[in-house]
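Please review the briefing below alongside the sequence and the model.

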Amino acid sequence: MKIALNRLSGAFALAASLLAATALAGSANAQESEGIVVYNAQHESLGREWIDAFTKETGIKVTMRQGSDMQFANQIIQEGDASPADVFLTENSPAMTLVDGAGLFAPIEKDTLDQVPEQYRPADGMWTGIAARTTVFVYDKTKLTEDKLPKSMVELQDPAWKGRWGAAPAGADFQAIVAAFLQLKGEEATKTWLKGLKDNATPYKGNSVAMKAVNAGEVEGAIIYHYYWFGDQAKTGENSKNVGLHYFKNQDPGAFVSVSGGGILKSTQHMKEAQAFIKYLTSKAGQTVLKDGDSFEYAVGKNAASNDKLVPLADLNAPKVEASTLDSKKVVELMTAAGLI
Amino acid sequence: MTKSGNRSSKAVAFLFQRVKASALLQDNRLLASGKKAPVTPGAARMSLPRGRMPHASVVLLASIVAVFSLVPLGFIAWVTYDVGWETVKTLVFRPRVGELLVNTVLLESITVPLSIVLAVILAWLTERTDIPFARLWAWLAIAPLAVPAFVHSYAWVSLLPGMRGLQSGVFVSVLAYYPFLYLPVAAALRRLDPAIEDAAASLGLDPWRVFFRTVLPQLRLAICGGSLLIALHLLSEYGLFVMIRFDTFATAIVDQFQSSYNSPASNMLGGVLVACCLFLLGLEILLRGNERYARVGSGSARPADRRRLGWFVVPAVALPIVLAALTLGVPLITLGRWLYLGGLGIWRIEVASAFVQTIVLAIAGGVLTTIAAMPMAWLSVRAPGRLQRILEACHYYVGSLPGVVVALALVSITVRLILPLYQTFATLLVAYVLLFLPRAMVGLRASIAQAPVELERAAMGLGRTPGQAVRQITMRLAAPGAAASVALAALGITNELTATLMLSPNGVDTLATKFWSMTSEIDYVSAAPYAFMMVVLSLPLTLMLYAQSKRTAGQ
């Protein structure tokens, strides 16, 4: 019996040591392997395109972890100095602000910053814009005509819009829009608008799902970012054939242009490679991926052209928003209180 | 005083016994039979003289696993305590939680009864009537298990993009999960003693009454076990409901996680979800009751006669055909269509790498889970007792927790306390072990129980040492059970989504996570190869489960 027990505990010890070994191997891997780890909250396909092009040019290996803006921002803060990440890419800027506020970013090299106009990066130079996207109201062309479209995003809180529009409130994209609203209109107005959202709008999981719903006639319109429409049009168009794009312009909160950010973690063991990566993203070559690829996000580099099909950034008449002070924490708080997440 | 104390401790022990038994049934869709666990306490006691504690080291090992399994619950309790009552109140008692509760109650209370009706009718048709091709329909009834639930909803949503909300959620859930009821109900029907029905008929009951008054009550344990399994799956399912756009606690927790990583808000939602799980476990204990049905007299029951269907055969055959079209036809046609549209271009190298990583994780996780379940399985068969029952309850409850809750706890603990283990295979494997412990217990327990102590003793009587006897008799006899345990856990790991998403080391992609990120971008074409490979991996395992269920049923 004794021996049987020994065998059992033997198997157990084996299991334990196996766990320990994989743990060690795992952490050793993270420390020693060449190349960098990128926490990518950008679209996986765009991240992949950028990384493949970068690796091809420099030979530096990149490991990508996919997630969402605020998840990674909070995660990096909890990981602190021990974060396995070297570079953090987002879809929007509030997450960058959060990490920057915790003092976890290393300054971006000046050459890199010089590749991006000042309005698309924070004054402190701790991170930089790498792309941009604009808010739009997509609408069902068969149901709404131009005169019936909302003049401002604020109108959507009116009972008249009850059950007629959609959004993806749980996503980082939408939370960035709310952050801009908060900065432009203040807390009370934001609360009211979020209440209107809760009462009137149908929640979707993701911008593309919201657009599909508009296309399918489930709702008359939705607040999303512009490139989902362009992306679908470039493919088969089957998810956007009934869908029109409405730009609010007039410096309305609904015309908010959100900056996608890239930053380097102070704790990185691979500063050179990380700097090279951000430099590449904002370089001519990196920005060309935006122009020629199928992401349809705006290029933000100096003299970098965006995809020809897009309405030029300068014509969007976006509201003036200080990207580096967007308050993501407050937004999550307000949205939780409004019962949206 | 002593008496009442004694009674209450007995009640506690009884409760644990029931929790254990129900959890056993919960993952025991193969063996669920309503039969008491095949333990013979008398025999066990005989072989182990009182006063000796030869099991101390095994008890220690089982306790270590039990402590690990209490970690997720302990963590939620700690967070609750840590943030203080005021915060808990604002985070738990808010309208959003109310909405999610209403959604959950509606989902459960519609899906489970529908699944019961469907499973009982189908099991009756395939087991007790002269329906043609009964074996074929039985196979087809199990086969949907090889299609992960979120692949079911992917198939339906790409076929009917408008599908959403409660109705669609119920519809797809029934299709994806009813086999969990079909398996135990069919197994129980196969084993029923037709003499009871004969007796009822001879007392003048018509066939319908015979069914409702003698057959159905005897299926109660199988129905309760299967229902509990489905109900718990509905609580923890994430992908299915996101795709079909129906909010549950699991989807809301992931939303919170993606907005704020591990915030008190997400942990509080996790707490409510755990409360729902415990409520279901308790409810099942209440509903299954305490009655037993036993056969007296010698010999064994004869196989039941198959009822003639007559003209009814047409609708009877139509049911499994329609069901197979919905549960298998739709996923296969949709998958086939996307694969065809995608052509060769979608079979990128990442598919192969995800396939390999999935298999490695599934096998490593399956083996580890089985090893971790061994001490407890061995104890529960060879030395049942109160302490063992408590330890066993710990092993079982954790498997009823949603992956998202276990993952959330492990993320928070590793990032705060044991950073070297953060985002490593080790932590991911621990999550798998915790989530799939009950599955491993099922196979192991049954097979250890089938190796009678008497054989060991006979071997010893013939001159073997105790160690040799265990090695040459018990271990060898238990090996197929261990293999089944590995397979069961591996099947779970192959289709696991949320815990893998939250815990996996950098650069690790499984078929499920890759499928998920593709469908999140509504790139249904690129997602198709991953879904296809998941089905390919799951199919042989599912077939094995089916064969196993037949074997247990003695056929």
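B:Gln423 lies in the loop between helix H18 (403–416) and H19 of chain B, where helices (H or I, at least four residues) and strands (E, at least two) are DSSP runs numbered from the N terminus. The phi angle of B:Gln423 is near 55 degrees, a positive value in a residue other than glycine. B:Gln423 is buried, at a relative accessible area of 10%; buried means under 20% relative accessible area, exposed over 50%, and partly exposed in between, with a 1.4 Å probe and protein chains only.

This is a predicted model, in which local features need pLDDT of at least 70 and side-chain atom pairs count only at pLDDT 80 or more, while totals for chains, interfaces and linings use all residues. Residues are numbered from 1 along each chain as its sequence is written, chains are lettered from A and ligands numbered from 1 in the order in which they are written, and side-chain values use heavy atoms, with hydrogens and water left out.

- Most residues other than glycine have a negative phi.
- A:Lys249 also has a positive phi, near 50 degrees, and is not glycine.
- A:Lys249 is placed in the loop between S9 and S10 of chain A.
- The relative accessible area of A:Lys249 is 30%, so this residue is partly exposed.

**Chain B overall**

- Chain B holds 24 helices and 0 strands.
- Of the 555 residues in chain B, 58% are buried.
- Chain B exposes about 22,200 Å², of which carbon and sulfur atoms supply 69%; accessible areas come from the Shrake-Rupley method with a 1.4 Å probe, and for residues only the protein chains shown count as cover.
- Among contacts in chain B (heavy atoms within 4.5 Å) between residues at least 6 apart in sequence, 85% join residues at least 24 apart.

**Annotated spans of chain B**

- An unreviewed UniProt entry places the feature "domain: ABC transmembrane type-1" at residues 101–287 and 355–545 of chain B; UniProt positions are given in the numbering used here, feature names are shortened, and annotations may be inferred rather than shown by experiment.
- Residues 101–287 of chain B are 82% helix and 0% strand, with end C-alpha atoms 21 Å apart.
- Residues 355–545 of chain B are 82% helix and 0% strand, and their end C-alpha atoms lie 22 Å apart.

**Helix H9 of chain B**

- Helix H9 (residues 194–202) of chain B has B:Pro194, B:Glu197 and B:Ala200 among its buried residues.
- Viewed down the axis of H9(B), the buried residues fall within an arc of 115 degrees, so they line one face of the helix; the arc is that of the directions from the helix axis to the C-beta atoms.
- These buried residues of H9(B) pack against helix H4 (95–128) and helix H10 (207–218) of chain B.

**Nonpolar cores**

- A nonpolar core is a set of buried Ala, Val, Leu, Ile, Met, Phe, Trp, Tyr and Cys residues joined through side-chain atoms within 4.5 Å.
- The largest nonpolar core has 243 residues, of which A:Phe88, A:Phe137, A:Trp165, B:Tyr154, B:Tyr182 and B:Phe515 touch the most other members.
- Helix H19 (residues 425–449) of chain B gives the largest share of this core, 14 residues.
- Another core, of 24 residues, lies apart from it and includes A:Leu46, A:Phe277, A:Ile278 and A:Tyr280.

**Strand S5 of chain A**

- Strand S5 (residues 127–140) of chain A is mostly covered, with 14 of its 14 residues buried.
- S5(A) pairs in the antiparallel sense with strand S10 (residues 257–265) of chain A over 7 bridges; two strands pair if DSSP finds at least two bridges between them.
- A:Arg133 has A:Ser258 as its bridge partner in S10(A).
- S5(A) pairs in the antiparallel sense with strand S8 (residues 221–225) of chain A over 5 bridges, and A:Phe137 stands opposite A:Ile223 there.
- Strand S9 (residues 243–246) of chain A runs antiparallel to S5(A) and is joined to it by 4 bridges; the bridge partner of A:Asp140 in S9(A) is A:Val243.

**A:Asn40**

- A:Asn40 is in strand S1 (residues 36–40) of chain A and is buried, with a relative accessible area of 0%.
- Not counting residues up to four places away in sequence, A:Asn40 touches A:Gly47, A:Met64, A:Arg65, A:Gln66, A:Gly67, A:Phe72 and A:Leu89.
- A:Asn40 and A:Thr63 are 23 residues apart along the chain, and their C-alpha atoms are separated by 9.8 Å.
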